[in-house]
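Please examine the model shown below before reading on. The report that follows treats a helix, the ligand site, the aromatic side chains and some features of the backbone.

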Amino acid sequence: MIKFNEQTKIFHLQTPNSSYQILISHKGHISHVYYGTKIGDDDLSYLTRQMEYGFSNQEIFREKHSLLDFLPMEYPTDGIGDFRESALAISDAENHNGVELIYKNHKIIEETVQIPGLPCVFAENSKCQTLVITTEDAVLNVEVDLYYSVFDDCDAIVRWAKIKNNSSKTIFVNKALSAAFDMDDNNFDMITLHGSWARERHIDRRPIHMGKQGVVSKRGETSHQEHPFLAILDKTATENAGNVYGVNFIYSGNFVAEVQKNQFDSLRVTMGINPENFSWKLNSGDAFETPQAVLVFSDKGLNGMSHAFHDLYREHLIRSPFKAKPRPILINNWEATYFNFNTEKLLEIARQSKKDGIEMLVMDDGWFGKRNNDDCSLGDWVVNEEKINGGLKNLVEQVNKIGLKFGIWFEPEMISPDSDVFRSHPDWAIQIPGRVPGMSRQQLVLDIVNPEARNFAYESVAKILKSANIEYVKWDMNRQLSDIGTPCLPADQLGEYFHRYVLAVYEMQERLITDFPNLLLENCSGGGARFDPGMLYYSPQIWCSDDTDAIERLSIQEGTALMYPLSSMGAHVSVCPNHAVGRVTPFKTRGHVALSGTFGYELDITKLSDDEHSQVQKQVQNYKDYSHIVRDGDYYRIASYRENNEFDCWASITKDKKQALVTFVQVLNHPNYKSRFVKIPGLNPDKKYKATYVDEDQTQNPPVILQGSTLQNAGIKIARPWGDFGSVLIYIEMMN
Ligand code: DGJ
């Protein structure tokens with residue numbers, strides 16, 4: 001709900017459990033007042049301290065510099081005396097840099113607002129209101145609309161800005177972040193996510209220090225290395241208690257997310273498109289809209305924050321018809337064969353998969369051009385009939401006849417120097433004239449900002465999809481952007497390239513899901529380098545990491561699940577020794593860990609032992625029995641191997657609290673060890689529950705009946721896994 005008090009000039013945005021207040025200050029600046037636990041409508045303008053004395057200022061109102069460098073702001077601007085991090089920087093026709101936003105008017109709209117070309121939240125089955133505060137710089141004759149969308153079923157506020165050039169001259173927007181707010185530092189900690197290829201999104205929690213700290217990408221994609229997310233939380237905040245603020249970005253390119261602790265011990269939080277290598281030319285009458293940033297507040301610890309993000313993304317961002325349906329259990333041939341496969345090998349895999357209950361075969365990289373390794377053919381999206389003998393249509397028909405659906409891999413944004421398309425269009429690769437472009441995985445990036453190249457790539461994909469009954473696409477992207485140059489943009493617009501690239505990806509994916517509405521799309525970027533809310537708007541699932549090792553996945557999936565629902569995390573059972581780390585883990589553990597994602601296989605099923613086949617069949621049954629809990633339920637982190645160095649534990653609990661699935665993974669085993677009791681939050685304390693140890697010998701580990709409050713406060717005994725890397729799955733059901 002959004003209210004405006006004419007007397008106090010305060011906007012009060014309320015979600016079910018949080019309040020956000022904004023003040024139009026005495027001088028007309030848009031000032032941040034409060035964000036936190038839901039409160040009443042009192043006049044909180046005193047929190048902005050704008051009436052307090054500034055340095056050598058005898059006036060009751062501060063001098064401009066003193067005021068602007070102090071006032072908590074909603075959308076701080078550059079060059080006029082707020083020396084903290086700005087959200088907006090503009091240079092005018094004469095290259096001056098000042099911009100100052102003063103309140104002009106506002107409106108409250110009873111719905112969400114879509115931004116052309118960008119992924120956006122929407123409201124279908126619930127109410128959403130959007131506050132639009134229009135501000136103005138009268139000198140530049142520029143208007144900036146500040147948007148805030150608030151849902152009545154979710155503790156999230158979605159923010160963005162629109163910059164309109166109403167003057168007769170051209171200006172350059174050099175920085176246009178999506179959200180900012182200031183608040184007193186309460187001795188907070190900060191969480192960001194870090195990693196690398198095959199080690200994405202590890203949680204890093206640390207105290208906030210003076211100065212600037214945060215995360216960025218200038219790689220043209222979200223990246224393996226840092227993630228467009230940060231959380232600020234009480235030092236004492238735990239998984240289930242304490243104040244947590246989370247910020248996440250609905251975008252798939254260069255970003256910045258920062259906290260700046262300044263001279264008065266207050267914090268400025270900013271998030272948006274990375275201003276490095278960014279500049280947007282705004283001609284008279286033009287407008288620029290930023291992507292959306294999501295703000296979440298929870299006073300119920302990190303799990304409360306995760307629930308708000310998960311609910312927002314499942315209810316208000318992911319559009320796919322598959323989002324609330326069981327996804328087909330797939331088998332992908334990448335780790336099974338890499339480039340070395342043909343029709344017969346794929347059919348062998350399909351036949352055995354069918355026997356074990358798998359539902360879809362995905363043909364990964366290597367089916368096109370003359371690609372037998374990663375040094376050629378990207379862009380030549382023509383079936384290699386030497387490998388796919390009999391053609392693609394025939395292969396798909398045979399796979400369908402066996403009883404499996406068929407999916408296929410593409411990397412539409414790339415071009416190999418050794419490809420027919422590059423030979424005929426060398427100017428279609430991103431490059432700086434006169435400079436040899438840097439190679440990565442022996443490939444270049446297709447200049448999809450060029451409409452001709454973009455259309456070619458899209459049509460090539462569409463042609464293949466129309467040629468056979470293909471029901472799934474894995475859209476990969478295996479290198480980062482460098483050497484930015486294109487014949488399509490004049491020199492004074494080259495600063496627009498990175499953002500235009502992301503818009504081009506979105507346009508292609510929008511076309512794809514519009515033309516093929518029943519397609520299940522999975523995004524991927526060398527593993528999980530483009531796992532972000534922007535991509536979730538187009539695909540309900542994203543490949544989480546090229547590291548499929550069950551133990552490595554504990555940290556990767558834990559960090560990813562901080563914001564993203566488990567239903568979106570691509571997770572497969574693969575072969576051991578694991579191809580990324582050489583570790584040998586029990587088949588059972590690999591199944592339990594993958595069950596907390598989309599679930600599938602990534603191995604040569606024709607080479608499994610009889611025992612492993614029966615384990616696949618059991619895992620498939622587990623998926624059928626329990627995946628609805630994982631997909632639609634609330635996720636709770638219970639214990640983190642990253643923190644305790646011994647074991648990991650998490651649970652999914654259905655919204656009605658009637659069913660839960662608990663996964664426990666012990667990393668290294670120890671001798672002579674006391675048994676573990678795991679406390680399970682989130683159940684109904686007054687109800688009795690029956691807990692069954694799913695894959696255990698029921699005579700050794702019979703089901704137990706315990707009260708919800710007992711499970712929450714005393715905990716359940718874990719059947720002790722034998723050997724290293726063991727796991728236990730517990731299904732919990734409410735009794736009448
Ligand atoms: C990177 C992906 O993450 C892998 O799963 C696989 O599809 C390869 N690319 C293929 O090149």
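Helix α10 (residues 550–560) is largely enclosed by the rest of the structure, because 11 of its 11 residues are buried. Here, buried means under 20% relative accessible area, exposed means over 50%, and partly exposed lies in between (1.4 Å probe, protein chains only). Helices (H or I, at least four residues) and strands (E, at least two) are DSSP runs, numbered from the N terminus. Among the buried residues of α10 are A550, I551, E552 and R553. The N-terminal end of α10 is capped by D549, with a side-chain oxygen 3.1 Å from the backbone nitrogen of I551. R553 also has its charged end over the ring of W543, 4.9 Å from the ring centre. A charge sits over a ring if NZ of Lys or CZ of Arg is within 6 Å of the ring centre and within 35 degrees of the ring normal. K387 lies in this way over the face of F341, at 4.9 Å from the ring centre.

The model is a predicted one, in which local features need pLDDT of at least 70 and side-chain atom pairs count only at pLDDT 80 or more, while totals for chains, interfaces and linings use all residues. Residues are numbered from 1 along each chain as its sequence is written, and side-chain values use heavy atoms, with hydrogens and water left out.

The ligand is surrounded by 13 residues, and the closest are D364, D365, K474, D476 and D546; a residue counts as near if one of its heavy atoms lies within 4 Å. By class, this shell has four nonpolar, three polar and six charged residues. Ala, Val, Leu, Ile, Met, Phe, Trp, Tyr, Cys and Pro count as nonpolar, Asp, Glu, Lys and Arg as charged, and the others, Gly among them, as polar.

| Side chain | Ligand atom | Distance |
|---|---|---|
| R441 | oxygen | 2.8 Å |
| N478 | nitrogen | 3.4 Å |
| D546 | oxygen | 2.4 Å |

The protein covers 98% of the 290 Å² of accessible area that the ligand has on its own, by the Shrake-Rupley method with a 1.4 Å probe.

The structure also holds 35 aromatic pairs. The rings of Y497 and Y501 have their centres 6.5 Å apart and their planes at 35°, so the pair is tilted. Rings of Phe, Tyr and Trp (its six-membered ring) pair if their centres lie within 6.5 Å; planes under 30 degrees apart count as stacked, over 60 as edge-to-face and the rest as tilted. Both tyrosines lie in helix α8 (residues 497–515), four residues apart, about one turn of the helix. Y497 is buried, at 0% relative accessibility, and Y501 is buried at 1%. The rings of F647 and F664 are stacked, because their centres are 5.2 Å apart and their planes at 25°. This pair links distant parts of the chain, with F647 in strand β33 (residues 647–653) and F664 in strand β34 (residues 659–666). Both F647 and F664 are buried.

Most residues other than glycine have a negative phi, and most peptide bonds are trans.

Definitions and conventions:
Polar contact = N/O pair within 3.5 Å; in protein donor to acceptor, adjacent residues only side chain to side chain.
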